[in-house]
Amino acid sequence: MKKQYTVAVVGATGMVGRKMLQVLGERDLPIQEIVPFASARSAGEEITFAGKQYTVTELTEQNVRARKIDYALFSAGGSVSKQFAPLFAQCGAVVIDNSSQWRIDPDVPLVVPEVNPQDIAKHHGIIANPNCSTIQAVVALAPLHRAFGIKRIVYSTYQAVSGAGVGGYNDLQNGIAGQAPKKFPLPIFGNVLPHIDVFLPNGYTKEEEKMIQETRKILGDTSLRITATTVRVPVYYGHSESINVEFNTPVTAAQVRETLAAAKGVVVTDDPANGIYPTPRETADRDEVFVGRIRQDESVESGVNLWVVADNIRKGAATNAVQILQTILSNNI
């Protein structure tokens, strides 16, 4: 009989936690039991998974130690991950963490399964799930880097309010009704904010630094020259990114299009003459990364522009974490 596993979802009642449960339920994984953890505020709630009812357990050290957990998917914020991920690992679970807490730690693999699944085997009990904006970018960039060698990347992002959690979603919803923002520093309805996370001394935001450092780590190339501007836009779900890529050798837009069309996890949607290009609405609740507006950058010797769109809550968080778990189980890592 195929071995069955107990899987915990930490932050199970949050936006990403609920999506993790949805994606886990859609895939044929050998899960015997789900253990939903959340804060004291949500403890006692009932959730349904695979036709069974589960009661949400308060996340405490005693409750963690009381259960035998094989795998734990975390989406409860960096401070929670810092405190509890090592505890789960100490108790024998493999943690897949969606916060920024472990991403740049040299001893923790940062994984996008379409790009660097081999890094999973390097884990010591904790595996980091990258930032949502980084995940979709590297799914598109990795096959190009392998084929042609990337020299420089310029990121300009247009990120949905759900990337800031329920508070961000509510700010847009309430802003439509004329209410003042609670999550964002300025109104997001009818506005764009070039301000995601905190500003750093160098003038970049933490979100921009995340994209820069995480891209280098996932692609395994510290020599990559990368800059980023990340912007919050009044869209509920779906991050869009304008990515300018400069290559080491001459590369045409046609070559890039052909390479991406054959890439795992990528859907090329690129016929602008007929109004066909990716938008957040069509990518909602999809696992793939959509790429369009592929065209030559005529200002440099070898550059191409890409428009990259994906569901930030699904592929940018929940699905990527579940794909990591699926890769572990499929390969007995």
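Axes, in what follows, are lines fitted to C-alpha atoms, for helices over the stretch in contact, and angles run from 0 to 180 degrees between N-to-C directions. The model discussed here is predicted. Two packed helices are described by the angle between their axes and the distance between the axes.

The account opens with helix α4, which spans residues 132–148. The axes of α4 and α9 come within 8 Å of each other and cross at roughly 85°. Since angles of 65 to 115 degrees count as roughly perpendicular, α4 and α9 are therefore roughly perpendicular to each other. On the α4 side, the contact is made by Cys-132, Ile-135 and Val-139, and on the α9 side by Lys-315, Gly-316, Ala-317 and Asn-320. Sorted by class, this contact of α4 with α9 contains four nonpolar, two polar and one charged residues.

Helix α4 also packs against α6. Here the axes come within 10 Å and the crossing angle is roughly 40°; α4 and α6 are therefore oblique to each other. Their crossing is right-handed. From α4, the residues in contact are Ser-133, Thr-134, Ala-137, Val-138, Ala-142 and His-145, while α6 supplies Glu-207, Lys-210, Met-211, Glu-214, Thr-215, Ile-218 and Leu-219. The contact of α4 with α6 comprises six nonpolar, four polar and three charged residues.

Helix α9, residues 314–331, has a further partner in helix α1, residues 15–26. These two helices pack at an angle of about 45°, and their axes lie 9 Å apart. That angle makes α1 oblique to α9. The crossing by which α1 passes α9 is right-handed. In α1, Val-16, Lys-19, Met-20, Gln-22, Val-23, Leu-24 and Glu-26 take part, and they meet Arg-314, Ala-317, Ala-318, Thr-319, Ala-321, Val-322 and Leu-325 in α9. By class, nine nonpolar, two polar and three charged residues form the contact of α1 with α9.

The largest pocket holds about 1,200 Å³ of space. Its lining consists of 43 residues, and those nearest the centre of the pocket are Gly-77, Gly-163, Ala-164, Gly-165 and Lys-183. The elements giving two or more residues to this lining are α1, α3 (78–90), α5 (165–176), α6 (206–219) and α9. Helix α5 provides the largest share of the lining, with three residues. In terms of class, 15 nonpolar, 21 polar and seven charged residues line the largest pocket.

The largest cavity has a volume of about 30 Å³. Val-64, Arg-67, Ile-69, Phe-88, Cys-91, Gly-92 and Ala-93 form its lining. By class, this lining has five nonpolar, one polar and one charged residues. Among the lining residues, Phe-88 falls within the range of α3, residues 78–90.

Methods. Residues numbered from 1 in each chain as written. Predicted model: local features only at pLDDT ≥ 70, side-chain atom pairs only at ≥ 80, totals over all residues. Heavy atoms only, no water. Helix = DSSP H or I, 4+ residues; strand = E, 2+ residues; numbered from the N terminus. Parallel < 35°, antiparallel > 145°, perpendicular 65-115°, else oblique. Left-handed = near helix turned anticlockwise from the far one by under 90°. Contact = heavy atoms within 4.5 Å. Nonpolar A, V, L, I, M, F, W, Y, C, P; charged D, E, K, R; others polar. 1 Å grid on protein atoms, 1.4 Å probe; cavity = no way out; pocket = protein on both sides within 12 Å on 5 of 7 lines; lining within 4 Å. Points joined across faces, edges and corners; volume = space filled by probe spheres on them.
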